Amino acid sequence: MNEVFRCGFVTLLGRPNVGKSTLINALLGHKLSITSRRPQTTRHRILGIKNNPDNQLIFVDTPGVHAVHKREINAVLNRTAQTSIEGVDLIALVISAKGWTPADEVPLKWVKDHACPSVLIINKIDRLSRKSALLPLIEESNAMAEFANIIPVSATRGTNMDILEKQIISLMPASPAGFPPDQLTDRSERFMAAEYIREQLFNQLGQELPYSTAVQIDSFEREKKILRIGAVIMVERPGQKGIVIGKQGERLKQIGSQARRSLEAYFDSKVYLELWVKLKQDWTDSAQALRLLGYIEDI
Ligand SMILES: Nc1nc2c(ncn2[C@@H]2O[C@H](COP(=O)(O)OP(=O)(O)OP(=O)(O)O)[C@@H](O)[C@H]2O)c(=O)[nH]1
Ligand SMILES: [Mg+2]
């Protein structure tokens, strides 16, 4: 054991879909944040806390940063990401191994405008057919900003994750733990339950529909060995209700049974889940509705 205990906040920042949430789960060694193949899955700042014998790493997951603001929710997600780099000890900018894209420019600018130390994580290296493509990308990245280090990884395969963790630890300040050692996140059980239901909406609904949905937990009760959860899936246009429910309720049933599985794994308990679908007209474009649904937070 080292004599000094280290503890710090590490924000993962980047354009949508580069694998920030997958990386945090891989660093934590268990699933916390929801992930999907679609961009803009994460909508909140979520802390994932990793307790090691001589350090505590507090990872901050953020919504993917994007340049186009079609609806109010897009602006809100960007603001959440931007405030998540304030006052942290390290910013980990995440890009894809396929290379820099114009969409990486906004998060890169935020990193450059901040005095905070940063590292660059080049994720999804398993997607590269020629590993030799990495060297020129690292060289190009070196000229982009003053990164303390550039680490190529694969979050899904677990490649170089140990190197990444060591590098992060070395950049953490000497400090006592910020959270009790048994705390894994700053988020409530109700919040996490809503997230795991939302994950299924992203996985099981096609086209633009996931972006029109939100989840609210109505009831959350422990009853002996069963966790009873009642939740409402919010849609923003009348026609969407029927699509989420599906023919004879089949789609909603599928969403419910997959979500229940994730919830049972997260809560390590048998779960009874009841879902309803409700219309909340144009909620993605209303600051008031976004506040009510918990997307605008004063942090
Ligand atoms: N091949 C490959 N896929 C990956 C890797 N890491 C993440 N992915 C996939 O990339 C997709 C997006 O991952 P997320 O973790 O949801 O991405 P994100 O950056 O959090 O996205 P937003 O929350 O939308 O900003 C998912 O389908 C992941 O399985 C990786 O190392 N290799
Ligand atoms: Mg995410």
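This is a predicted model: local features need pLDDT of at least 70, side-chain atom pairs count only at pLDDT 80 or more; totals for chains, interfaces and linings use all residues.
Leaving aside its neighbours within four places in sequence, Ser36 is in contact with Asn17, Thr41, Phe202 and Asn203.

Ligand 1 is surrounded by 23 residues, of which the closest are Lys20, Thr22, Gln40, Thr41 and Asp126. A polar backbone atom of Asn17 is 3.0 Å from an oxygen atom of ligand 1, and a backbone N or O atom of Gln40 lies 2.6 Å from an oxygen atom of the ligand. In the case of Lys20 a polar atom of the side chain is involved, at 2.8 Å from an oxygen atom of ligand 1.

Lys20 also belongs to the buried part of helix 1, together with Ser21, Leu23, Ile24, Asn25, Leu27 and Leu28. Because 7 of the 9 residues of this helix are buried, helix 1 is largely enclosed by the rest of the structure. What covers those buried residues includes strand 1 (6-13), strand 2, strand 3, strand 4 (90-96), strand 5 (118-123) and helix 5 (161-170). The helix is followed by Gly29, a residue whose phi is positive, near 85°.

Strand 2 and strand 3, which are among the elements covering helix 1, are also joined to each other, by a hairpin that passes through 2 residues. Strand 2 (residues 46-52) is itself mostly covered, with 6 of its 7 residues buried. The pairing of strand 2 with strand 3 (residues 55-61) is antiparallel and extends over 7 bridges; within it, Asn51 stands opposite Gln56 in strand 3. Strands of a sheet pair through backbone hydrogen bonds, either parallel or antiparallel.

Another part of the chain forms an open sheet of 3 strands, in the order 7-8-9 and with mixed pairing. Its edge strands, each of which pairs on one side only, are strand 7 (214-223) and strand 9 (270-279). On average, and with direction ignored, neighbouring strands of this sheet are turned by 15° against each other. Strand 8 (residues 226-235) pairs with strand 9 in the parallel sense over 10 bridges, and there Val232 has Trp276, in strand 9, as its bridge partner. Across strand 7, strand 8 and strand 9 lies helix 8 (residues 250-267), which runs at about 135° to strand 9.

Gln200 lies in helix 6 (residues 189-204) and is buried, with a relative accessible area of 7%. Leaving aside neighbours within four places in sequence, Gln200 is in contact with Leu205, Ile255, Gln258, Ala259 and Ser262. Gln281, by contrast, is partly exposed, because its relative accessible area is 49%; this residue is found in the loop between strand 9 and helix 9 (287-292). Not counting residues up to four places away in sequence, Gln281 touches Glu236 and Pro238. The C-alpha atoms of Gln281 and Ser212 are separated by 9.8 Å, although the two residues are 69 residues apart along the chain.

A last point concerns the cysteines. The count of disulfides comes to 0, and Cys7 is in no disulfide, since the nearest cysteine sulfur, that of Cys116, is 14 Å away.

Terms used: Residues are numbered from 1 along each chain as its sequence is written. Chains are lettered from A and ligands numbered from 1 in the order in which they are written. Side-chain values use heavy atoms; hydrogens and water are left out. Buried means under 20% relative accessible area, exposed over 50%, partly exposed in between (1.4 Å probe, protein chains only). Helices (H or I, at least four residues) and strands (E, at least two) are DSSP runs, numbered from the N terminus. Two strands pair if DSSP finds at least two bridges between them. Axes are lines fitted to C-alpha atoms, for helices over the stretch in contact, and angles run from 0 to 180 degrees between N-to-C directions. Contact means heavy atoms within 4.5 Å. A disulfide is a pair of cysteine sulfur atoms within 2.5 Å. A residue is near a molecule or strand if one of its heavy atoms lies within 4 Å of it. A polar contact is a pair of N or O atoms within 3.5 Å; within protein, one must be able to donate a hydrogen and the other to accept it, and residues adjacent in sequence count only if both atoms are side-chain atoms.
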